[in-house]
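Q: Pick one part of this model and take me through it up close. I'd like to hear what packs against what, and then what surrounds that spot.

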Amino acid sequence: MAAVPSSKLLHKCVVSPTGKHSASVIFLHGSGDTGRGVRAWVKEVSVPDLAFPHIRVVYPTAPARPYTPMRGALSNVWFDRYKISHDCLEHLESIDAMANSLGAVIQEEIRAGVPKHRMIIGGFSMGGAMALHLACRYHPDVAGVFALSSFLNKDSVVYQAVEERARAGSPLPELFQAHGTGDELVFHKWGEETTALLKKAGMTTTFHSFPGLQHQLSRPEIELLRSWILTKLLPDSLDASGQ
C-alpha cells in the first residue's frame, strides 16, 4: 500500500474571520475534490457566504492516493474504500493514518488560541465520514460535527466508540446531518441509518432531508448549517475561553 503523505504536506484553503478569531470550523471535501474546490462550491451555493466575524473556516485538501473504487487510480481522498457501500468493512488503516494527519490541522487551530470546545469538524460525502471518525474517535471534545450527503458503514467502529463514551458519561460532539432524497451515489437511507445508529449509541443528532436533492450541496442546506453553527455551537458572544 502506498504511503500517505505527512500532515505537513496537507494544503489548506482558509477563510479568515473579519474580527477576533475565537472559533474554528474544519470543512473536509468529498472524494476527488480539493479544499479550494469545495470552498468555491460552498461560496457558489450559499448566500450569505459561509464566513464569519469570529470563526476561521479551514478547508484542507486530502493527499492523492490509490483509490480502490477507481481501480487503484490516484485521487484526492481521505481514505480508501473497498467499495462505495454501507455493507462492507471500513479501510481502517487509511482512515486512522489520515486522522493523525488531520490532527495536525486541529493542533494549528489550538496554537492559534482556539480550544477544541470552540471547534466544529465536518464535511461533504467522504469528508463527512472522515469528520465523524475524527470527531467521535479522536477528538470527541470538539463542539460538533456535521456530515452532508455522508454515511458510515453499518458496522463502523465509530458506533462502538460513541457508545463507550456515552456509557462512561463522557461528553460527545453534537451531530448535524443533511441528505438529499435524490442522491443516487450515497443513498438517503444510508444517511438516515447513520444518524439513527449514532443517536442510539448516545449522540445528540439532527437529520435534515432535502426532497429531490442529488449528491450535491444546496443553498437551504448551507443556510441551515450556518444557523446551527452560529446559534447552537459557536456564537460570537463567547470568547475563546468559553466565558
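A: Let's start where helix 2 and helix 3 meet: Leu92, Ile95, Asp96, Met98, Ala99, Asn100, Leu102 and Ile106 of helix 2 touch Met130, His133, Leu134, Arg137 and Tyr138 of helix 3. Contact here means heavy atoms within 4.5 Å, and helices (H or I, at least four residues) and strands (E, at least two) are DSSP runs numbered from the N terminus. Before going on: this is a predicted model, with local features needing pLDDT of at least 70 and side-chain atom pairs counting only at pLDDT 80 or more, while totals for chains, interfaces and linings use all residues. Residues are numbered from 1 along each chain as its sequence is written, and side-chain values use heavy atoms, with hydrogens and water left out.

Back to the helix pair. The axes of helix 2 (residues 92–111) and helix 3 come within 10 Å and cross at roughly 75 degrees. That makes the two helices roughly perpendicular, a label for angles of 65 to 115 degrees (under 35 is roughly parallel, over 145 roughly antiparallel, the rest oblique). Axes are lines fitted to C-alpha atoms, for helices over the stretch in contact, and angles run from 0 to 180 degrees between N-to-C directions.

Ser125 is buried, at 6% relative accessible area (buried is under 20%, exposed over 50%, partly exposed in between, with a 1.4 Å probe and protein chains only).

Two strands count as paired if DSSP finds at least two bridges between them. Strand 6 (residues 119–124) runs parallel to strand 7 (residues 144–148), paired over 5 bridges, and Gly122 has Phe146 of strand 7 as its bridge partner.

Glu174 is buried, with a relative accessible area of 13%. Its side chain makes a polar contact with that of Trp228 at 3.1 Å; that term means N or O atoms within 3.5 Å, one able to donate a hydrogen and the other to accept it within protein, with sequence-adjacent residues counting only if both atoms are side-chain atoms. Leaving aside residues up to four places away in sequence, Glu174 also touches others, including Ala143, Met203 and Lys232.

How far to trust it? Mean pLDDT (the predictor's confidence per residue, from 0 to 100) is 92, and 93% of residues reach 70 or more. Over residues 1–7, though, pLDDT is below 50, and it also stays under 50 over residues 238–243.
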